[in-house]
Amino acid sequence: MIRWLARLRSIDRRWLYLATAIALAIPFIVGGRIPMPPTEPFMVTRRLYEAIESCPPNKVVLIDSSWDMGSEAENCAQLECVVRHLCRRRVRFVVVSVGVTQLGPEFAQRVIKKIAKEAGCTYGTDWVNLGFVQAGSDIKVVIENLCRDIHATRPIDVEETPVAKLDLMREVRSIRDVHLVLSITYSPTPDWISLVKGQFGTPVAFGCMTIMSPYYHTFIESGQLCGMLIGNWGAAEYEGLTRQPGKGTELIAFATYGNCMILAAILLGNLGLWAARRSRRQAG
Amino acid sequence: MTATTLATCVGALVTLLVFSYLVKDNLLYRLALQAALGAAVGTGVFIAWRDVLRPMWWQPIQGAFQGKRPWTDALWLVALIPGSLWYFQLSKKWFWLSTLITGLFIGVSAGLAFKSQILLILPQIGASLKPINPFAGPGGLTWASVFDCLNHLVFLVGLVTTLLYFFFSLKSETPLVRHSVRIGRIMIMICLGAMFGSTVMTRMAYLLDRLRFLHDSVRTWLFPG
């Protein structure tokens, strides 16, 4: 028995891959859902929610949506939940993709168009997508230019309409007209913090992949970041706060099967290690 | 078969080819990898022209020559001069010309990086100075102030011991330094553990996203409309 258990230590990793894939595929095949009990959201999620709730009517939220298929797995749900909240609260917003990926505007447009249509928000009046802003080798220059003069930095929107002709953009010229900057991407650049918050004093929030979140926690503690969405978990919490369950809630419930699998693998691996040590002791 | 269905089928096939690497490195996986790389570069070049160069550089110049825009827009042509300097890196004889533009860019980047780092790091240093006296709060000694100060103390111990761990010039013979360095190492291990947990969660999200895509693809294929 002990010898058999010791074999668990050297299990072929491909079996683990297969087991994880099967565990994650269960909800798709069986269609079962794990009920998600309402929990108190993490303070970083709540702070972002509160920042958006406190947006005055004469200001907008600037969203840097710089993600594509590479980080769609988590960033998509984050953008969805925030845009749904903005549309419901009738908070006007401007979307821009700064430097990271040229496909950013298309992915953002696809998500926002659908939600805005459902909520009855009009393009040009309630929201605008400025498209991709080439940052080249230094993103700092673009961020600073956007803060000083949005019209000069991006004179046309994603549909090549001159920005000056859009109703919303007539009221939004620089960072002074922005209540909050939210950067949703794989790993948002800290230059948003140093330039937007540090130089101009406008609050900044991030929506990042879970893998990058430990790095940004220091900026929460120091008050440099006003809030953060961490992966699908953050999106699910945000959906809980807005009482609009969506993609984040669905994905985090599905991921529970995978998490159980990982916990089982850790347990079995440690059992294997214990058994191997014990059998060595018995042999010695 | 519509273009969307075809694109979905190709996407599903490429996903399966990439997953085949989990079994063994194989030719089909490498083929998918090269195709993805080629497609990304091709798309990038096209979008850079469509979204950036054409509307923001070419069209103003074209408009200026056609008299539809102010003549000053034709000055965008001048941008070709510093832009072309980059290509002199390919010539041994004229390499020095490329150093002009390289130097300019390094200068601008260094200046901005300096400002950015000051604005990023200084608030961090300020935020590291936290009170550890529970009596010093506005409401005097309360349970909340005691917990806050304990929290700050843990932070302070973590900060100092982690920094000590990287002081390689410090002799670790004295018990105080040796134990502090050990605590610092434990703190780093806890941090790395949190990062590893986050990595697992992200990888899981990636897999879940692809499985969902495959599931939706098969459903669309089996039950179109």
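**Exercise 1.** Determine what share of the contacts in chain A between residues at least 6 apart in sequence join residues at least 24 apart.

*Solution.* The model is predicted. Chain A contains 12 helices and six strands. Of its 284 residues, 48% are buried.

**Exercise 2.** Decide how helix α4 (residues 72-89) of chain A is oriented relative to helix α11 (residues 231-242) of chain A, whose axes come within 8 Å of each other.

*Solution.* Step 1: the two axes cross at roughly 20 degrees. Step 2: angles under 35 degrees count as roughly parallel, and therefore α4(A) is roughly parallel to α11(A). Step 3: the crossing of α4(A) and α11(A) is left-handed. Step 4: the residues that make the contact include A:Cys81 and A:His85 of α4(A), together with A:Ala235 and A:Tyr238 of α11(A). Step 5: by class, the residues of the contact of α4(A) with α11(A) comprise five nonpolar, six polar and three charged.

**Exercise 3.** Describe the side of chain B that touches chain A, and identify which element gives the most to it.

*Solution.* Step 1: chain B contributes 36 residues to the contact and chain A contributes 45 residues. Step 2: on the side of chain B, the elements giving two or more residues are α2 (27-66), α4 (95-128) and α6 (175-222) of chain B. Step 3: α6(B) gives the most, with 17 residues. Step 4: this side of chain B has 24 nonpolar, nine polar and three charged residues.

Definitions and conventions:
Residues numbered from 1 in each chain as written. Chains lettered and ligands numbered in written order. Predicted model: local features only at pLDDT ≥ 70, side-chain atom pairs only at ≥ 80, totals over all residues. Contact = placed C-beta atoms within 7 Å. Helix = DSSP H or I, 4+ residues; strand = E, 2+ residues; numbered from the N terminus. Nonpolar A, V, L, I, M, F, W, Y, C, P; charged D, E, K, R; others polar. Buried ≥ 20, exposed ≤ 12 C-beta atoms within 10 Å, placed from the backbone. Axes fitted to C-alpha atoms, helices over the stretch in contact; angles between N-to-C directions. Parallel < 35°, antiparallel > 145°, perpendicular 65-115°, else oblique. Left-handed = near helix turned anticlockwise from the far one by under 90°.
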